[in-house]
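Reader: Could you walk me through this fold, its sheet and its pockets?

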Amino acid sequence: MITPRRSDERGAFDFGWLDTKHTFSFGQYQDPRHMGFGPLRVINEDRVAPAQGFGMHPHRDMEIVSVVVSGTLEHQDSLGHRGQLGPGEVQRITAGRGVRHSEYNPSGSEPVHFLQIWIEPREKGLEPGYAQQRFDPVASRNSLTLLASPDGAEGSISINQDVRLFRTGLEPGKKLRHDFAPGRRGWVQIISGSVSLGGVTLNAGDGASIAQESAVELTGLSSATDVLLFDLP
């Protein structure tokens, strides 16, 4: 069963410095029908204005994954990490017992567009940690690139949950199949372009849950597609 979550159904706020869309309940947006999907708790699509950002703030017991789409994101945390991420780079923060971090747009002229994803960890009270990695966008054309996994397979970033996060860019007419192990489910999030997911058309900003399916097929419908696929318990 494929259930779309359309872009215009998401929680949406424009604070001037931040234009944000919430697929699931978050902050001021609360909807008991959309509290997450399995351990996938948050997908926020954020656009941060130049020279603006999220000040230092705390988190606990969450795997926080950020995927930069365009622009530059500057990270700093209480573990001593400081650096910048650009397009194609992925960041994972294990909040665990507690961590403070800030995310800032250092550019004076260009916005930064990124997705922040929260995944509930397999257990609470983990040692806080940080990882950052760049993935070649060419490798993701018409194939699934593994960005995050529980064991760091295929050069992916490791996360403390049995979740696998893939990214692909499908050219028009190109097809990809993903098989789910028994009892697994999935979520697809469209960053840009249009795709068909099992015959359901999804456009930029749309998402869809996948349940009770042994496999799904993605077909590119436009140029410049950018798609995230979550394989979930």
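Predicted model: local features only at pLDDT ≥ 70, side-chain atom pairs only at ≥ 80, totals over all residues.

Author: Residues are numbered from 1 along each chain as its sequence is written, and side-chain values use heavy atoms, with hydrogens and water left out.

Reader: How many helices and strands does the protein have?
Author: Both are DSSP runs numbered from the N terminus, with helices being H or I of at least four residues and strands E of at least two. On that basis, the count is 0 helices and 22 strands.

Reader: What is the radius of gyration of the protein?
Author: It's taken over C-alpha atoms, and the globule rule is 2.2 Å times the number of residues to the power 0.38. For 233 residues the rule gives 17 Å, and the model comes close to that, so the protein is as compact as a globular protein of that length. The value is 17 Å.

Reader: How many residues of β22 are buried?
Author: Buried means under 20% relative accessible area, exposed over 50% and partly exposed in between (1.4 Å probe, protein chains only). Asp226, Leu228, Phe230 and Leu232 point one way from β22, while Val227, Leu229 and Asp231 point the other way, and all are buried. The strand spans residues 226–232 and is largely enclosed by the rest of the structure, because the buried count is 7 of the 7.

Reader: Which residue of β22 is the bridge partner of Arg164?
Author: Strand β15 (residues 164–168) runs antiparallel to β22, joined by 5 bridges. Strand β17 (residues 185–192) is also antiparallel to β22, with 7 bridges, and its Gly186 stands opposite Asp231. For Arg164, the partner is likewise Asp231.

Reader: Which residues lie closest to the centre of the largest pocket?
Author: A pocket, on a 1 Å grid over the protein atoms alone, is an open set of points where a 1.4 Å probe fits, with protein on both sides within 12 Å along at least five of seven lines; lining residues have an atom within 4 Å of a point. Grid points are joined across faces, edges and corners, and a volume is the space filled by probe spheres set on the points. This one has a volume of about 270 Å³. Of its 18 lining residues, the closest to the centre are Leu18, His22, Phe26, Asn44 and Phe54.

Reader: How many charged residues are in the lining of the second largest pocket?
Author: Its volume is about 230 Å³, and among the residues nearest its centre are Asp136, Arg167 and Asp226. Asp, Glu, Lys and Arg count as charged; Ala, Val, Leu, Ile, Met, Phe, Trp, Tyr, Cys and Pro as nonpolar; and the others, Gly among them, as polar. The lining has 6 nonpolar and 5 polar residues, and the charged ones number 4.

Reader: Is Glu123 exposed, partly exposed or buried?
Author: Glu123 sits in the loop between β11 and β12 (129–134). Its relative accessible area is 42%, so Glu123 is partly exposed.

Key. Pairing = 2+ DSSP bridges.
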